[in-house]
Amino acid sequence: AAWEKCDHARLKDAAQGSPSDAVCAEVRAKMHGATADLRTSARHGLALGLVLLEHLLRDCKRGTPKAGPAFREVLAGLSSHPESDAMRLEDAASFFSEVGSQLSQQGHTAFEEELQCIKCLWHMQESAARSCATEDESASSVASKLRASICLLSEGMLVKDWAPDDGSPPWQGRARHLTFLVQQHVRNSSLPGQVVQAYIRDGLAHLPAGAAPRDEQSVPGHPSLRPSTLPHWYKALLLESVRLWEGACLQGARVHSGSNAGPARSAAYVAAATSITEECLAAAGLFSQLVNLIRHHEGMVALQQAALAAQPKFVEAFLKGSEFFKDLVGQEKSAVMKVIKEVQRSTKVLHIVCNEAKVRRCAKLVKRIPAAKRAMEKFLWRCREVLRGIPEEEGGFWMGNLKHKDLHGNVVASQAFIESDREEEDEEGEDDEEDGRSGGEGDEETQEEG
């Protein structure tokens with residue numbers, strides 16, 4: 001019904017990969033085809049119907065001028081409620097939530113169908129944020145229900161081992177969906193920071209150090225978390241920690257831009273600044289904990305690759321909020337220093353990763369080194385601006401050379417990096433020319449930090 005009511009051409013113009021009439025014909029054939037097994041027929045019809053709806057909602061989510069009307073037409077097809085978009089959205093959300101809950105009760109036989117239900121709810125959530133009236137109280141209530149449903153269904157999928165019928169190891173062939181499921185569970189929970197911390201404390205920290213990447217021994221209480229799936233979990237939690245850090249830094253920048261200049265601040269500003277600083281410290285702590293896990297899984301290049309890829313975005317958020325920290329350092333020096341020191345815990349580890357990657361000539365990591373080192377330099381010099389007014393003897397900014405260490409903390413000979421440094425300078429010079437920048441001498445091996 002949703003497909004029949006929508007404008008085919010409008011949806012197909014919104015994005016590539018839209019379902020065709022052939023898919024609709026397949027859905028009808030599966031749903032109405034003569035078969036002796038009614039359960040199988042219904043199951044096939046449900047699976048194809050969910051795929052079709054997921055395609056429709058995905059197309060409606062695209063940021064085109066026609067996406068809003070198309071999304072409303074889909075809601076009209078999923079609900080007979082005539083009053084408002086919010087009520088139709090609630091009916092549609094209840095439908096997918098109920099289907100997902102019933103599928104989860106059938107054991108380990110409906111992985112794809114449960115996943116499609118979560119994706120449909122996710123697409124509806126993002127489309128509703130663009131298309132529906134956000135100031136409406138009912139729309140806000142429906143949005144909360146959507147988040148709760150996504151969080152509950154994704155958590156339910158993560159606590160199952162999903163062992164295939166052919167005797168293969170659990171989650172084999174399905175691990176690629178773990179990043180999406182973990183992100184949806186964390187992002188839609190009421191306290192995402194605490195969820196990430198719990199996964200690190202009770203999950204990732206219990207994986208044996210140096211475990212083989214193909215080891216299938218899961219962590220107790222977390223059937224989907226095992227060495228073979230660790231890269232997917234790690235990437236999801238790392239991205240969510242960066243998202244929390246970005247949100248806190250941007251909130252600080254907004255509070256700073258809206259405040260009155262001068263040392264005299266209102267009590268509301270001081271309270272807001274204190275709360276934001278605590279959020280920044282918590283998010284930076286999550287990021288540094290995840291980065292330091294690299295030390296325990298040195299052989300997993302995928303973890304190092306994810307950390308190096310996230311570093312520039314993490315530092316960029318700090319740069320956006322640096323004026324807030326600079327303004328706050330006069331009143332809350334110790335709090336600002338704690339945030340900076342927490343960030344340094346991760347930058348020092350990533351500096352070692354860059355050094356060892358160059359020595360090992362790991363292609364997957366070497367290509368990310370220039371951007372990561374430029375980000376670390378930006379962090380260094382912006383810290384200098386933030387802490388400019390604090391004397392060195394009082395814990396202010398000072399400079400020194402980092403010792404050459406490996407991931408285990410052992411000091412290594414600096415001569416091992418001389419040749420790789422020269423190669424990196426050549427690569428960075430070429431990269432800067434492509435980006436329209438002039439090459440510099442800022443990426444020395446003895447990276448200076450305060």
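Colleague: Is Val349 buried or exposed?

Modeller: Buried means under 20% relative accessible area. Val349 has a relative accessibility of 0%, so it counts as buried. Keep in mind that this is a predicted model.

Colleague: Where is Val349 found?

Modeller: Val349 is found in helix α15.

Colleague: Which residues is Val349 in contact with, leaving aside its neighbours within four places in sequence?

Modeller: Contact means heavy atoms within 4.5 Å. On that basis, Val349 is in contact with Val291, Asn292, Arg295 and Leu407. Take Leu407 from that list. Val349 and Leu407 are 58 residues apart along the chain, yet their C-alpha atoms are separated by 7.2 Å.

Colleague: What share of the contacts in the chain joins residues 24 or more positions apart?

Modeller: Count the contacts with a separation of 6 or more. Residues 24 or more positions apart account for 73% of them.

Colleague: And how much of the chain counts as buried?

Modeller: The figure is 46% of the 450 residues. The secondary structure comes to 18 helices and two strands.

Colleague: Let me try another residue. Where does Phe111 lie, and which residues does Phe111 touch?

Modeller: Phe111 lies in helix α7, which covers residues 111-131. Its relative accessibility is 1%, so Phe111 counts as buried. Set aside residues up to four places away in sequence, and Phe111 touches Met157, Trp162, Trp171, Arg174 and His177. Met157 is 46 residues from Phe111 in sequence, and 8.0 Å from it C-alpha to C-alpha.

Colleague: What about His185, buried or exposed?

Modeller: His185 has a relative accessible area of 6%, so it is buried. Its place is in helix α9, residues 178-187. Beyond four places in sequence, His185 touches Cys151, Ser154, Glu155, Leu158, Val195 and Tyr199.

Colleague: Now a loop residue. Is Thr229 buried or exposed?

Modeller: Apply the 20% cut-off again. Thr229 has a relative accessible area of 2%, so it is buried. Thr229 is found in the loop between α10 (192-202) and α11 (230-257).

Colleague: Which residues does Thr229 contact, leaving aside neighbours within four places in sequence?

Modeller: They are Ala175, Leu178 and Ser224.

Colleague: On to helix pairs. At what angle do the axes of α13 and α17 cross?

Modeller: They cross at roughly 25 degrees and come within 8 Å. Helix α13 covers residues 301-320, and helix α17 covers residues 369-386. Angles under 35 degrees count as roughly parallel. So α13 is roughly parallel to α17. Their crossing is left-handed.

Colleague: Which residues make the contact of α13 with α17?

Modeller: From α13 come Leu308, Gln311, Pro312, Val315, Phe318 and Leu319. From α17 come Ala371, Ala372, Ala375, Met376, Lys378, Phe379, Arg382 and Cys383. By class, these residues are eleven nonpolar, one polar and two charged.

Colleague: Which residues of α17 are buried?

Modeller: Among them are Ile369, Pro370, Ala372, Ala375, Met376, Phe379, Leu380, Cys383 and Val386.

Colleague: One more pair. How do α10 and α12 pack?

Modeller: Helix α12 covers residues 267-292. The α10 and α12 axes are 10 Å apart, at an angle of about 25 degrees. That makes α10 roughly parallel to α12. This crossing is left-handed. Gly193, Val196, Gln197 and Ile200 in α10 meet Leu286, Gln289 and Leu290 in α12. The contact has four nonpolar, three polar and no charged residues.

How values were computed. Residues numbered from 1 in each chain as written. Predicted model: local features only at pLDDT ≥ 70, side-chain atom pairs only at ≥ 80, totals over all residues. Heavy atoms only, no water. Axes fitted to C-alpha atoms, helices over the stretch in contact; angles between N-to-C directions. Helix = DSSP H or I, 4+ residues; strand = E, 2+ residues; numbered from the N terminus. Parallel < 35°, antiparallel > 145°, perpendicular 65-115°, else oblique. Left-handed = near helix turned anticlockwise from the far one by under 90°. Nonpolar A, V, L, I, M, F, W, Y, C, P; charged D, E, K, R; others polar. Buried < 20%, exposed > 50% of the residue type's maximum accessible area, 1.4 Å probe, protein only.
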